[in-house]
Amino acid sequence: MIEWKPLGTGARPVPQPVATPLVWAGAGVGALVLVALLNTVVGPDRTELALPALSLLAALLGLCARFTAAPGTALLCWLFLNGFAIPPAGVLTWAGHRDTTWLACLLTATLIGTALARLVHARAAYRRLAPGHVRPDAATGDGPYDS
């Protein structure tokens, strides 16, 4: 005789975020590859494409990171944006309003990605812990749905 047993026992925990140094390594490597790809495909002076692409990368990295990793992730993406996506390549500059806006955009994208991941994980954990709405057997006629 076959006895069915559930594979999962109890509530599953909420997934742990990735370690901050690993997220920063991903930001450095990902930003380098993304800026190099954009520079070869569309040209080195197209910041209107580089900023949204790096913001998307920052948001994707935020999906698996802690909130404390957000400033470092934004800073690493900004370093590659400022150093290699705008001319002259390889020279870091600071243009007050422009770079402040870029940093704010990258930080916001990272925080949105992290907050979205936390909300999705919290909702999934709540659904796993909340009691299910089990409908009684309709054949017996003793449930609250019978009229």
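Which helices each supply at least two residues of the nonpolar patch?

1. The model is predicted. The question above is answered by helix 2 (47-62) and helix 4, each of which supplies at least two residues of the nonpolar patch. Helix 4 covers residues 96-129.

2. The nonpolar surface patch comprises Leu56, Leu60, Leu63, Leu116 and Val120, with an area of about 460 Å². One of its members, Leu56, lies in helix 2. Leu56 counts as exposed because its relative accessibility is 53%, and the cut-off for exposed is over 50%.

3. Thr114 belongs to helix 4. Its relative accessible area is 0%, so Thr114 is buried. The side chain of Thr114 reaches back to the backbone oxygen of Thr110, at 3.0 Å.

4. Beyond its neighbours within four places in sequence, Thr114 is in contact with Gly62, Leu63, Ala65, Arg66 and Phe67. Among these contacts is Leu63, which is also a member of the nonpolar patch.

5. Searching the whole structure gives one salt bridge. The side chains of Asp99 and Arg98 form a salt bridge, with an N to O distance of 3.4 Å. Side chains of opposite charge can pair when their charged atoms come close.

Notes. Residues numbered from 1 in each chain as written. Predicted model: local features only at pLDDT ≥ 70, side-chain atom pairs only at ≥ 80, totals over all residues. Heavy atoms only, no water. Helix = DSSP H or I, 4+ residues; strand = E, 2+ residues; numbered from the N terminus. Buried < 20%, exposed > 50% of the residue type's maximum accessible area, 1.4 Å probe, protein only. Polar contact = N/O pair within 3.5 Å; in protein donor to acceptor, adjacent residues only side chain to side chain. Contact = heavy atoms within 4.5 Å. Patch = residues over 30% accessible without salt bridge, like charges linked within 9 Å, V, L, I, M, F, W, Y side chains within 5 Å. Areas by Shrake-Rupley, 256 points an atom, 1.4 Å probe, with all protein chains shown as cover. Salt bridge = Lys/Arg side-chain N within 4 Å of Asp/Glu carboxyl O.
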